[in-house]
Amino acid sequence: MAGDPRRWQIGLVGYGEVGRILAEDLRQQDIKVSAYDIKLGGEQGAPLREHAAKFGVTLAASHAELTAKSDFIISAVTASQAVPVAKACAAALNQGTWFLDFNSASPGAKERAAALIDGAAGRYVEGAVMTSVPPYRIKVPLLLGGPGARELEPLLNAIGFAAKVASDKLGVSSAVKMCRSIMIKGLEAMVIESFTTARAYGVEDAVLASLTETFPAIDWEKQGAYFFQRVIEHGRRRAEEVREVAETVREVGLTPWSAQGTAERQAWVADLADEGLFGTKGTKEFARSADWRTEADRILAKINRAK
């Protein structure tokens, strides 16, 4: 494997929002990037192929094809696929290949994925992405964990990442991410539930005024719009992540009442988005309303029609 990370052949498993952002920022540095996504074989593959052609990303036909020619692999898929992807990549892994797990999976899932990669003579490192990727892009705060984390940290940062070692022990970085998500994804779900209900009763202005009085540092109008946007666009992925959060809570012996409710609300919004309630997916207008009331009214209209 090339010692200089700028000369790595980087393989991206998952060519969704995160994968495409990483690809763009890596290609800007003229780093070779390949990608594989299961959507490439279906009707959703066209925009991915267009993006790859635009930025000079080589598309692979399978996990094995991608893995066999990569010096460094980033797995950025949905939470439920973290372990299956590790298994699929392990089958064709070259000795010493770095495998960075970007996925929002429980500490237990990360340990199972690590066993598969390390068992195939790869080098597994968990990465916990600590906030939304788009505003920060490749410089999103990233906590690394595992025996190889300290060696990988300077290599990642040399190609633009903002990585920091959390622990030499696997699972610690993921635990930080999962516990944070109980709050952040839960707050998203609560805002949608609270604001939509307040809108139905005509008391939204009073509720927002009260929230502003209690939490004056937060612009609740702006934050509310942003939460609605993110859940409408990414609720499916968030629901999967929060199910992993619930599993993390169970692993310590607690019943994840809050996380379970959050996962259900996120998935419920995702179902509405799939039905087209918020407009056509893939368009510039989708999930970009600057006023959360627009989306709350759509939800309430659907509820009223169903009565």
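Glutamate 204 and arginine 199 form a salt bridge whose closest N and O atoms are 2.7 Å apart; the term stands for a side-chain nitrogen of Lys or Arg within 4 Å of a carboxyl oxygen of Asp or Glu. Before going on, a word on what you're looking at: this is a predicted model, where local features need pLDDT of at least 70 and side-chain atom pairs count only at pLDDT 80 or more, while totals for chains, interfaces and linings use all residues. Residues are numbered from 1 along each chain as its sequence is written, and side-chain values use heavy atoms, with hydrogens and water left out.

Back to that pair. Glutamate 204 is buried, with a relative accessible area of 9%, whereas arginine 199 is partly exposed at 26%. Here buried means under 20% relative accessible area, exposed means over 50%, and partly exposed is in between (1.4 Å probe, protein chains only).

How many salt bridges does the structure hold? There are 23 of them. Some link up: Asp205, Glu221, Asp291 and Arg293 are joined in a network of salt bridges. Another pairs aspartate 4 with arginine 6, with 3.6 Å between the closest N and O atoms. Both partners there are partly exposed, aspartate 4 with a relative accessible area of 31% and arginine 6 with 47%.

Then there's arginine 230, which forms a salt bridge with glutamate 17, again with the closest N and O atoms 3.6 Å apart. Arginine 230 sits in helix H10 (residues 220–251) and glutamate 17 in helix H1, so this pair ties together parts that are 213 residues apart in sequence. Helices (H or I, at least four residues) and strands (E, at least two) are DSSP runs, numbered from the N terminus. Arginine 230 counts as buried, at 7% relative accessibility.

Follow glutamate 17 into H1 and you're in a well-covered spot. Nine of the eleven residues of H1 are buried, so the helix is largely enclosed by the rest of the structure. The buried ones are Glu17, Val18, Gly19, Ile21, Leu22, Ala23, Glu24, Asp25 and Leu26. What lies over them? The cover includes E1, E2, helix H2 (45–55), strand E4 (72–75), helix H6 (133–136) and H10.

E1 is worth a stop of its own. Glutamine 9 lies in this strand (residues 9–13) and counts as buried, at 16% relative accessibility. Glutamine 9 touches Lys32, Val33, Ser34, Lys69, Ser70, Asp71 and Phe72, leaving aside residues up to four places away in sequence; a contact means heavy atoms within 4.5 Å. Which residue does the side chain of glutamine 9 reach with a polar contact? That would be serine 34, side chain to side chain, at 2.8 Å. (A polar contact is a pair of N or O atoms within 3.5 Å; within protein, one must be able to donate a hydrogen and the other to accept it, and residues adjacent in sequence count only if both atoms are side-chain atoms.) The C-alpha atoms of glutamine 9 and serine 34 are separated by 7.4 Å, although the two residues are 25 residues apart along the chain.

Finally, check the backbone in two loops. Aspartate 30, in the loop between helix H1 (17–27) and strand E2 (32–36), has a positive phi of about 65 degrees although it is not a glycine. Aspartate 30 counts as exposed, at 58% relative accessibility. Alanine 121, in the loop between helix H5 (107–119) and strand E6 (123–129), isn't a glycine either, yet has a positive phi of about 70 degrees. Alanine 121 is partly exposed, with a relative accessible area of 34%.
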